[in-house]
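Biologist: I've got a model open and I'd like to learn how to read it. Can you walk me through it, starting with what "buried" means?

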Amino acid sequence: PALLAARVPGRGLAFLAGSGVIALLNEFNYQVEAGARLDPDEGLPDPSDGVLVPDPAGDVWRIAWADDLRAYIWNPGLDAWTTSEIAGDPVGPRPGAAAAAGSARDRVWIAGGDVDPALFALSLVPADDGRAMVTRLAALDGPRRGAAVVPVARGDDEAPLIVGGDAELPAVYVPAAGLALGLVGAWTGIQCRQLDLVDAGTVRVLCVGGLRGGAPTADALLLNCPPNTAETTFEHADFEVEPMFQ
């Protein structure tokens, strides 16, 4: 009854059931092909814990973090699961954290959670010793459970913003600069998408819907991001958060 899904470039759409069984909707013939079952020794993570994402090599990663950071990799060609060894900065249990994959599929940003609210990057390109490296990038202003992690790209540069969360905090947090901006209040389940460039100087991100104060909303935010999104030289005046109320 609970599924995670991820596009597998060149193959189709992978679905991972709560039972650990994976299936692929073949994008060429639209047939569903059953695959191997994920059956880790420490037990399956709950479908609400973590994400399913593709990597640059064409494999699919099942990443979970509610109890501790762990990752499993499915190779669709071999139809086999392996457990990834993780090295780098300690992450610890992170229930309620949010995540998003980078556009190059080479990393997953994990943000927030109950303990030591912070932003981490987990590399989806194994190191020379085969381990997946995790790096602690910045502290956050709160756990921001139920937030959205929004990759903002301009050319080859990409950096995440954190939008929303279940606490009375400003709507947008910029980890690279330590800035919190916009409306104050709980806003969870919000969905965000980067819009096409208007000019070389401004990137716009539209965020809509979700729950404001626990109630469904049709409100939206338009984020106007300055050119130095990936740097640490933000000023409040450089970054605009425009509320659009319904």
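Predicted model: local features only at pLDDT ≥ 70, side-chain atom pairs only at ≥ 80, totals over all residues.

Biologist: Is tryptophan 74 buried or exposed?

Modeller: Tryptophan 74 has 3% relative accessibility, so it counts as buried. Tryptophan 81 is buried too, with a relative accessible area of 16%.

Biologist: How many aromatic pairs does the structure hold?

Modeller: One. The ring centres of tryptophan 74 and tryptophan 81 lie 6.5 Å apart and their planes meet at 35°, so we call the pair tilted.

Biologist: Now the nonpolar cores. Which residues have the most contacts inside the largest one?

Modeller: A core is a set of buried nonpolar residues joined through side-chain atoms within 4.5 Å. Here the largest has 19 residues, and those with the most contacts inside it are Val163, Ile190, Val205, Cys207, Leu221, Leu223 and Cys225. Strands giving two or more residues to this core include β15 (157-163) and β23 (220-225). There's also a second, separate core of 18 residues, with Trp61 and Leu69 among them.

Biologist: What is valine 163 in contact with?

Modeller: Leaving aside neighbours within four places in sequence, its contacts include Ala148, Ile190, Cys207, Leu221 and Leu223.

Biologist: And the largest pocket: what volume does it have, and which residues lie nearest its centre?

Modeller: Its volume is about 860 Å³. Of the 27 lining residues, Ala99, Ala100, Ala101, Val149 and Pro151 lie nearest the centre. β14 gives the largest share of the lining, five residues. By type, the lining divides into 17 nonpolar, six polar and four charged residues.

Notes:
Residues numbered from 1 in each chain as written. Heavy atoms only, no water. 1 Å grid on protein atoms, 1.4 Å probe; cavity = no way out; pocket = protein on both sides within 12 Å on 5 of 7 lines; lining within 4 Å. Points joined across faces, edges and corners; volume = space filled by probe spheres on them. Helix = DSSP H or I, 4+ residues; strand = E, 2+ residues; numbered from the N terminus. Nonpolar A, V, L, I, M, F, W, Y, C, P; charged D, E, K, R; others polar. Buried < 20%, exposed > 50% of the residue type's maximum accessible area, 1.4 Å probe, protein only. Contact = heavy atoms within 4.5 Å. Phe/Tyr/Trp six-rings, centres within 6.5 Å; stacked < 30°, edge-to-face > 60°.
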